[in-house]
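Thank you for asking me to look over this entry. My comments are set out below as numbered points.

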Amino acid sequence: MAAPKSKLSNGREIPMIGLGTWAGWQAQSGQIRDAVKTAIDTGYRHIDTAYAYKVEDIVGAAVMDKIQDKTIKREDIFITSKLWQTFLAPEHVKPAFQKTLKDLGLEYLDLYLIHKPAPYKYVEGEMIPKDEDGNVLFDDSIDHADTWREMEKLVDEGLVKTIGISNFNHHQIQHLLDNCSIKPAVNQFEVHPYLTQTKLVEFCQKRDIHVTAFSPFGSPAEWENKPPDPPLLQNPKIKEIGERHQKTIAQVILRYLFQRGISVIPKSANAGRIRQNFQVFDFELTDQEMGDLKALNQNWRVYPHDWDAKSRHYPFNEVYD
Ligand code: A2P
């Protein structure tokens with residue numbers, strides 16, 4: 001069965017489920033390659049990656065394998081990547097994009113996002129540039145509208161079909177809306193039952209900005225922040241809802257997001273779980289269950305990105321819920 005898609009403001013469509021490919025900077029290339037291939041064999045038609053994940057070449061090779069063995073054609077699959085924080089100065093946008101495209105081995109990208117709003121100084125070869133005392137080097141002179149203009153040029157040149165943002169707060173989105181020719185079509189940010197993001201989701205959806213949720217399971221393997229008790233994937237309330245539908249906690253969470261019109265990009269290196277996460281379009285949560293899930297909100301983030309807090313563009317100072 002094909003996954004449902006959602007229409008974007010530019011008329012294109014985004015599949016409601018994709019495979020996330022962040023696996024830490026020690027990512028095992030074999031695992032990522034196998035995960036992408038399993039996902040495509042399962043029916044996933046969206047792969048989410050980023051320059052910063054350091055796996056674009058592996059993701060690209062896996063997609064190419066699946067094109068070559070005729071499981072998919074290029075136009076069947078939606079590939080997302082992201083502009084890293086060192087490349088937000090206008091002169092770095094296109095070269096950074098071209099590196100991504102080359103590493104993926106593609107001729108165009110379906111979706112390109114500004115990965116995070118806090119710009120770093122560009123230092124050749126550094127992912128997170130720091131001074132000798134270990135302080136992150138920000139470039140607070142950057143205006144996102146100037147970065148965005150370069151993103152728009154990539155669309156005009158036919159190199160990317162759709163552009164968007166990630167981790168932007170509502171002020172930052174509004175600034176782009178006030179200064180753009182092409183609207184951001186997607187905002188990708190952390191959403192799950194412990195961080196329901198009611199207001200930000202509503203802000204985006206009212207403006208026809210599609211929301212994609214990363215870390216739908218609260219990224220159990222890598223909490224930056226102190227984990228809540230119980231962890232999301234052990235929550236008894238969600239378990240009880242799942243039992244009613246003969247679904248796992250993970251499936252209930254994905255379904256909850258889907259019913260809010262949010263696409264999801266769960267990560268997994270396990271073939272069984274990659275398949276399980278795709279089986280979420282054959283049941284329906286009731287209004288009561290949706291309400292019970294919403295009530296689990298704790299405004300708890302897996303990824304507060306604390307090291308960006310000194311940037312004037314740090315997005316998470318304000319609780320917006
Ligand atoms: P694994 O790779 O062993 O499947 P998130 O997408 O929120 O960042 O969560 C990713 C984490 O959740 C990974 O550690 C992954 O582990 C685990 N995971 C993915 N799918 C499931 C599932 N259906 N049930 C339990 N854990 C899952």
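Predicted model: local features only at pLDDT ≥ 70, side-chain atom pairs only at ≥ 80, totals over all residues.

1. Helix α1, spanning residues 29–42, packs against helix α2, residues 56–68, at an angle of about 40°, and their axes lie 9 Å apart. Because of this angle, α1 is oblique to α2. The crossing of the pair α1 and α2 is right-handed.

2. On the α1 side, the contact with α2 is formed by Ser29, Ile32, Arg33, Val36, Lys37, Ile40 and Asp41. Helix α2 contributes Ile58, Val59, Ala62, Val63, Asp65 and Lys66. By class, the residues of this contact comprise 7 nonpolar, 1 polar and 5 charged.

3. A second pair consists of helix α3 (residues 90–104) and helix α4 (residues 144–156), whose axes come within 8 Å and cross at roughly 35°. Here too the handedness can be stated: α3 crosses α4 in a right-handed sense.

4. In the contact of α3 with α4, Pro90, Val93, Lys94 and Phe97 of α3 meet Asp146, Thr147, Glu150, Met151 and Leu154 of α4. These residues divide into 5 nonpolar, 1 polar and 3 charged.

5. The ligand is surrounded by 17 residues, of which Ser219, Lys267, Ser268, Ala269 and Arg273 are the closest.

6. A backbone N or O atom of Phe217 is 2.9 Å from a ligand oxygen atom. For Pro216, a polar backbone atom lies 3.4 Å from an oxygen atom of the ligand, and a polar backbone atom of Gly218 is likewise 3.4 Å from a ligand oxygen atom.

Conventions. Residues numbered from 1 in each chain as written. Heavy atoms only, no water. Axes fitted to C-alpha atoms, helices over the stretch in contact; angles between N-to-C directions. Helix = DSSP H or I, 4+ residues; strand = E, 2+ residues; numbered from the N terminus. Parallel < 35°, antiparallel > 145°, perpendicular 65-115°, else oblique. Left-handed = near helix turned anticlockwise from the far one by under 90°. Contact = heavy atoms within 4.5 Å. Nonpolar A, V, L, I, M, F, W, Y, C, P; charged D, E, K, R; others polar. Near = heavy atom within 4 Å. Polar contact = N/O pair within 3.5 Å; in protein donor to acceptor, adjacent residues only side chain to side chain.
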